[in-house]
Amino acid sequence: MGAATIGLGLMPVATYALQAEGKSAELLKSETLKSGRAQRITLLHTADIHGQVNVHDEFFWEEGKSVFKKRGGFAHLKTMINELRKQNPNTLLLDGGDCFQGSAIASLSEGQALIPLMNNISYDLVLPGNWEVAFGKKC
């Protein structure tokens, strides 16, 4: 189990390194994958959603200037995740917490309004963040 955990922890680094060198397409053509002796697994990770149900302006600092871009929204998130799942059915979706606090919808519903939205996206694993206890143990 420890070796598997270390392997999973290094997977994003290895994937990034392969993509940076343009070798990810080469890996996908490998005989090991084609023969079924190995499978490609995609790990998707979200965190710090902070109750942002709708698309909103997000602050970025680029090339020494402040820039606002449209980001977020559960509908966009679900669409993107579904598209990635179509590309690889062996996809696991993980959340690192801090979902149930941060917007008016989250605050007024004490996080309850976000539960059906999270369930609709079909996470495989959701880990609590420090804000998940803001409204008590119910969420």
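Arg71 sits in strand S3, which spans residues 65-71. The model is predicted.

- Arg71 has 38% relative accessibility, so the residue counts as partly exposed.
- Leaving aside residues up to four places away in sequence, Arg71 touches Asn54, Val55, His56, Glu58 and Phe60.
- Phe59 lies twelve residues from Arg71 along the chain. The C-alpha atoms of Arg71 and Phe59 are 9.5 Å apart.

**Strands S1 and S4**
- Strand S1 covers residues 42-46, and strand S4 covers residues 91-95.
- S1 and S4 pair in the parallel sense. Five bridges join S1 to S4.
- Leu44 stands opposite Leu93 of S4.
- Thr42, Leu44 and Thr46 form the covered face of S1. Leu43 and His45 form the uncovered face of S1.

**Helices H4 and H6**
- Helix H4 runs over residues 74-87 and helix H6 over residues 114-121.
- The axes of H4 and H6 come within 10 Å and cross at roughly 15 degrees.
- Angles under 35 degrees count as roughly parallel, and H4 and H6 are therefore roughly parallel to each other.
- The crossing of H4 and H6 is right-handed.
- H4 contributes Phe74, Leu77, Lys78, Ile81 and Arg85 to the contact. H6 contributes Leu114, Leu117, Met118, Asn120 and Ile121.
- By class, the residues of the contact of H4 with H6 are seven nonpolar, one polar and two charged.

Methods:
Residues are numbered from 1 along each chain as its sequence is written. This is a predicted model: local features need pLDDT of at least 70, side-chain atom pairs count only at pLDDT 80 or more; totals for chains, interfaces and linings use all residues. Side-chain values use heavy atoms; hydrogens and water are left out. Axes are lines fitted to C-alpha atoms, for helices over the stretch in contact, and angles run from 0 to 180 degrees between N-to-C directions. Helices (H or I, at least four residues) and strands (E, at least two) are DSSP runs, numbered from the N terminus. Angles under 35 degrees count as roughly parallel, over 145 as roughly antiparallel, 65 to 115 as roughly perpendicular and the rest as oblique. A crossing is left-handed if the near helix is turned anticlockwise from the far one by less than a right angle, and right-handed if clockwise. Contact means heavy atoms within 4.5 Å. Ala, Val, Leu, Ile, Met, Phe, Trp, Tyr, Cys and Pro count as nonpolar, Asp, Glu, Lys and Arg as charged, and the others, Gly among them, as polar. Buried means under 20% relative accessible area, exposed over 50%, partly exposed in between (1.4 Å probe, protein chains only). Two strands pair if DSSP finds at least two bridges between them.
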